[in-house]
Amino acid sequence: MLEKRIVVVGCGRLGASIANDLYEQGEDVIVIDKNEDSFRKLSDSFGGLTYVNEGTRVETYEQLELKKDDILIVVTNDDNVNIMISQLVRKMFQIHTIICRLYDPQRECVYQEFGIETICPTYLSVNRIENILRGKRSA
Amino acid sequence: MKKEVLLVGGFHKTMYLAQSLLDKGYGVTVINNIYEDCMALAQIEKLNIIYGDGTKPFVLEEAEAHLMDIAIALTKKDEDNLVICELCKKRFHIQKTLSLVNDPQKINFFYQMGIDSVVNAISTVSRIIEQQAFVDEMTEIVSVDDNRVNIMEIKVKDKMPINKKKLYELSLPENSIIGYILRNNQGIVPRGDTRILEGDKLIIICSKNNQEAIIKEMTGQ
């Protein structure tokens, strides 16, 4: 039985750092990006798989032969692309765990019924800033 | 009541479609995120135009998407069209959504996502070209029910095997029927004993899978 793999779509700043981290932790990591240059953001010690292909294409995922237990992290710089990839992969492979970054929290409603985890940098920043402020006040 | 149609993205197609829909008495609203295109579209009388990104809910709100009966996504990007239609459906509860899709492999996926109609320009156009280029006898083919059913027109020529035959003598494949015959500008609803003559135009309804078998049976090619 193959080990559970983690597939990161989009090798931007977030994609590259999460891939580096997970690889350091001993995970089986695959990074997909349409642009080979993007992989330069990965650290020199990164030993996971890099895969140059269009993340919106069906073949990309067929070639990877994803399993239900694999984990997909979708972090390209385009919300709509992220939405489409998440839904496409969910439909094609019934993958349980899909995590997806959305810049615009308003689009989240599209996801709700699909059970796709979304993270929104705006919300995270708001929370963090409020926490800092609260800390300052109580001090 | 007047039906309201929302067109999102696209330029040439949108302009043509908007004009055509307005002529037919629909109310039409266009969303476009290129300012120059909006200005050009504004030449069309009675057309409502919203400048903005149609994949953003607040832009759709501004376009009063909740009042629309039909939403049509015409942008160049599949992902944008998908999100537009999903937002229209789920957030604004628009009855019917239609989307263009570039990648033929995503047609089924789009249907699975609840979009009511998916149009793939590439496969549609190439199918028409193929039909026009390789089958002379056929003048027109219309596909309905997502290409599962074809309605085609065959003009009967002297040398065709079906010429001068009666309908019951033909062995047409299953699920196909000659529904109508145009002869000397008059229409005939054919019966089993109707004889096919040279110059007739046969209107044939068949499933897509049978199309080639029928052409072979009719034309001998």
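The contact between the chains takes 15 residues from chain A and 18 residues from chain B. Please keep in mind throughout that this is a predicted model. On the side of chain A that touches chain B, which helix gives the most? That is helix α3 of chain A, residues 79–93, with seven residues. By residue type, this side of chain A divides into seven nonpolar, four polar and four charged.

Now to chain B by itself. Its domain assignment gives two entries: domain 1 covers 4–120, and domain 2 covers 135–219. How far apart do the C-alpha centres of these two domains of chain B lie? The value is 38 Å.

Next, some strands of chain B. Please find strand β9 of chain B, residues 176–183. This strand is joined to two others, β11(B) and β10(B).

Take β11 of chain B, residues 201–207, to begin with. Six bridges join β9(B) to β11(B), and the two run antiparallel. One pair to look up is B:Ile177, whose bridge partner in β11(B) is B:Ile205.

Then there is β10 of chain B, residues 186–188. β9(B) and β10(B) also run antiparallel, joined by three bridges. Here B:Leu182 stands opposite B:Gly187 of β10(B). What do β9(B) and β10(B) form together? They make a hairpin, with two residues between the strands. In the turn, B:Asn184 has a positive phi of about 50°.

That is what I have for today.

Conventions. Residues are numbered from 1 along each chain as its sequence is written. Chains are lettered from A and ligands numbered from 1 in the order in which they are written. This is a predicted model: local features need pLDDT of at least 70, side-chain atom pairs count only at pLDDT 80 or more; totals for chains, interfaces and linings use all residues. Two strands pair if DSSP finds at least two bridges between them. Helices (H or I, at least four residues) and strands (E, at least two) are DSSP runs, numbered from the N terminus. Two residues are in contact if their C-beta atoms, placed from the backbone, lie within 7 Å. Ala, Val, Leu, Ile, Met, Phe, Trp, Tyr, Cys and Pro count as nonpolar, Asp, Glu, Lys and Arg as charged, and the others, Gly among them, as polar. Domain bounds come from an automatic or database domain assignment.
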